[in-house]
Structures are given as structure tokens and as C-alpha cells.
Amino acid sequence: MTTTDTTPSDAGPIAERERFDSLDPATGAVVGTHPVHSAADVDRAVARARIASDTWADLDFDGRAPKLAAWKALITSRADELAELVRAETGKPTGDAMLEIVLAVDHLAWATKHAPKVLKRRSVNPGLLMSNMGATLEYLPFGVIGVIGPWNYPVFTPMGSIAYALAAGNAVVFKPSEHTPGVGEWLGRTAAEAMGIPGLLEVVTGFGETGGALVQAGVDKVAFTGSTATGKKIMAAASETLTPVLIECGGKDAMLVDADADLDAAADAAAWGGMSNAGQTCVGVERVYVHTDVYDEFVDKVVAEASAVEAGSGDQADIGPITMPSQLEVIRGHIHDALARGGRALVGGEDAVDDRYARPTVLVDVPEDSVAVTDETFGPTLTIARVRDMDEAVEKANASRYGLGSTVYSGERGPELARRLRSGMTAVNSVISFAGIPSLPFGGVGDSGFGRIHGPDGLREFTRPKAVARQR
Ligand code: NAD
């Protein structure tokens, strides 16, 4: 559990502790063995982080920046090693693993550079009625942040909270997914090595119980990224102690394709957005609504693009296996329901899902109340639906209970349609993922959660605003 040794010194020899394996999803081979940390272990981790948080806060921005820069440099210099670990624990191609590392260090650099500007104490005009007063506003660190992360982007996603929490002056206790504990421990080890403050980034490993213990361990805020079902449990548990929560959950992102859209670009975006990372992306495109005038042409283009996507375990493959075996059943179930209810698979189908891989599937004529349209599939599947106009497209896109990201391809009306979409982020005529833009807030509405990571809002999420007014 400590950042340099996975066994707490006062918790007995490692052989006596319950342990679990992380597995390579492509082969089933054991990648590493990790402790299942108990509630008592988690409490000790939080206590160590509490001590570190005082040291860290006292350093202020100028003292913290070189340490965070040293961590960034260490991650960068050992990126090959980390990418191999990400590949082994998630199954994704090494190039994709490297991409998420590059994005993660970019966020670390952005948060480090901008924290002083966004959070430092500033004078505030208290207004005419209080003209005899002076006032200051300052954003103070909470103390200790509990970060609970998923497996799909095991470096990038938690870094969206960890980097901003640290840059704002907090210590962190991080619980990585049970599928990617090795990546989590790697981050903890390198943080300790580069920044030299024991307890600053504690890592606890295990299953949901360990995450639940972290929520109950007296941390000052919980930053959770994962499924909506778990997000709701965490919020309920945190309500007992009024612990603030930041909840980033799943999505069912829609793409809108207008009659005057660049169809080649839109089809490319739909295939990339739907299939990359084998569809295991919170902001992956899952539903596409296409203007009737261009529907047939667009569908042909997507079918061609999706048919060319190769699934496999080597780095020549476009997409790897499905990381979490139980997700294969969910993907197969969504395809089955869509087909049973009159949908057609133009690419893939139920047979595209075996016991390790889900190959691309493109579904049409799927009823809007089918689970393939209403629920997060988290696999390389797309549903494409014809709409008579863009008002119908907006209405159907917004009918989802999720609202994380969305995409619009349109010649003229992109920005207008984007504003009407009920989602935290909308890309217009681009395949850009908001995840890669450190200066913009990232987060959703509805069942996709609340609060924002990244950007100035992401820094402020890890602080308490402190107002001081004084008589002049
Ligand atoms: P998950 O909810 O199963 O697990 C996430 C984390 O929560 C894991 O570390 C898990 O051990 C822990 N956990 C489970 N039960 C818990 C409990 N009762 N108390 C505390 N912690 C608990 O999610 P997952 O399968 O790891 O991740 C996939 C999901 O994450 C998808 O829905 C995806 O869309 C979402 N996701 C969202 C974003 C975003 O930024 N919005 C980013 C990446 C992934």
C-alpha cells in the first residue's frame, strides 16, 4: 500500500494477506499479484496522506511545481515501461497506451503551470455598499483526496483527478481498478521516487470493498470515475459523512450528421469514435443520427470503415481484446436485443463477440428503446438511425439519460446544434476528444455524473474557496 512497498509495515508479512492477480486480457496470463487492502489498511494510507498533505500545502505553488515537473519527467523517461504495463493489463495496443500516457503528462504539466494563476489569493472588490471593506478570495486545498479510478484508460483517467488535486495542494489516496492495479502501483512508486514526499500519493489496491473503505476513511473529497451504478453507491455512502464527491460516470454519446456534412469525415469520425479502444471509452460514439438525405451514403461509408478495423492482440491490430471479461456478455446482449427486435447488423453481429474479443458491429433499424440505444454498450458497436431533420436528431440524442459527450457534423449549423445537445462537451466537425484538451472542463450531465475535471474548473474542484473581508 505504501508507494514503495505494497505491504504496510505493521500489517504482517505479505504471504498472510489476501492477494489477487491482474491478468492480460489477450492471453489470460498473470501480469502481477497485488494485495487486497482492508479498511484498516486504507485508514493507515489516509493517515499517511494526511501527514504528507501538511508538508505539501506548506510548499505552496512555487515549491510544488519543481516536484510535479520531476514526476512528469520520470513518467516521460520511463513511458515505454508504463506503456507495456498498460498494454498487459488492458490489452490495448502499445501505441494507444503511449497516447494516453502523453495525454496524462500533458494534463500534469497544464495543472502545474496554471494552478497558481487559477487558485492564488486575489483581492476582490466587495461592492459599493461595502466600500469601507477590503476582501480577498483564495482557493485552499482540501487536504486529502480519495481518487477511485476505472480500467479503460488507467493512466490518463485517474491523472485527470490526481494531477489537478496535487497541483492544487492536496495529497491523494488512489484506488485503481482491480483490472489495472499494476498501473496504479507504478504511478504511486514513481510519484514517491520523483517527489520524495512519503504518503503524497498513496495507492491502495483491491476490489469495490477497498474503494468503499476509501469513501468511509475520512478523506476530504472523493473523486470517482467509473460506472453510473458505482457512482450512485459512492454518493450514497459519502452522504453519511457529507463528504463531497466528484462523480464522472458512463455515457451513450450521440453523433449527429446533417445533410450538408462532409460525409467522409463524419464516417471516419463515427468509426474511430465508436471503435477505438475497442469501444471502451466513456466518450466513445455509440449512437449516430443521420439526416435522411444522406443516410444511405453515410451508412455505406461507415460500413466500409468499420469492416477494415482489425481486432487482435499484436500492435498491428487496430483494437485489442475486451479488458473486463464480463463486458463481453453485455456487448453480446445488446447486439442480441437489437437483432431480436428488428435491427440489422451490417457489420459484425452476435458472432463478432467471442470469449476475449468483440469485433466491430454496425447496427441499423434498431428501436430507440432497445438497450443497444438506451444503455452504455462499452464495446465497438454503433447504432445508426435515420432522422427526417436535425430537430428530430437533437430530440433523439437528448432522449438519453446519459449526457457526457456528443459530436455534430454539419456544414452550416454545427455550433447551433451543439448548443442544443444535452451533454457536457460537444465536438463540431472533428474527431477530437475533449479528454486531450487540458484547458477545457470535462464532465457530464444526468447519469454521466456531475462536477468537472480538467481546466480551471478541474483545479477548483479540489479546493475550498476561502473568503476574507476586512475593515479598511
Ligand atoms: P466500475 O464502476 O465497475 O469501477 C470503477 C472503480 O470503482 C473501480 O476501482 C472499482 O473497484 C471501484 N468500486 C466498485 N464498487 C465500489 C464501491 N461500492 N465503492 C467504491 N468503489 C467501488 O467501473 P469500471 O468498469 O472500472 O469502468 C468503466 C466505466 O467507467 C464505464 O461506465 C465508463 O464509461 C466509465 N468511465 C467514465 C469516464 C469519465 O470521465 N466520465 C472515464 C472513463 C471511464
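Is cysteine 282 buried or exposed? Select cysteine 282: it is buried, because 28 other C-beta atoms lie within 10 Å (buried means 20 or more other C-beta atoms within 10 Å of its own, exposed 12 or fewer, partly exposed in between, with C-beta atoms placed from the backbone).

Before moving on, a word on what you are viewing. This is a predicted model, in which local features need pLDDT of at least 70 and side-chain atom pairs count only at pLDDT 80 or more, while totals for chains, interfaces and linings use all residues. Residues are numbered from 1 along each chain as its sequence is written.

**Stop 1: two annotated residues**

Cysteine 282 sits in the loop between helix H8 (263–275) and strand S11 (285–291); helices (H or I, at least four residues) and strands (E, at least two) are DSSP runs, numbered from the N terminus. Leaving out neighbours within four places in sequence, cysteine 282 is in contact with Gly250, Gly251 and Leu404 (contact means C-beta atoms, placed from the backbone, within 7 Å).

**Stop 2**

Next, pick asparagine 277 and alanine 278, in the loop between H8 and S11. Most residues other than glycine have a negative phi. Asparagine 277, however, has a positive phi of about 55°, and the phi of alanine 278 is positive as well, near 55°. Asparagine 277 is buried, with 21 other C-beta atoms within 10 Å, and alanine 278 is buried with 32.

**Stop 3: around the ligand**

Show the ligand: 30 residues surround it, the closest being Pro150, Gly208, Gly211, Gly226 and Gly250 (a residue counts if its C-beta atom, placed from the backbone, lies within 6 Å). Helix H6 (208–215) and helix H7 (228–239) each give two or more residues to this shell, and H6 has the largest share, 4 residues.

Colour H6 next. Its buried residues are Thr210, Gly211, Ala213, Leu214 and Val215. They pack against helix H1 (39–77), strand S5 (144–148), strand S6 (171–175), strand S8 (221–225) and H7.

Methods:
Two residues are in contact if their C-beta atoms, placed from the backbone, lie within 7 Å.
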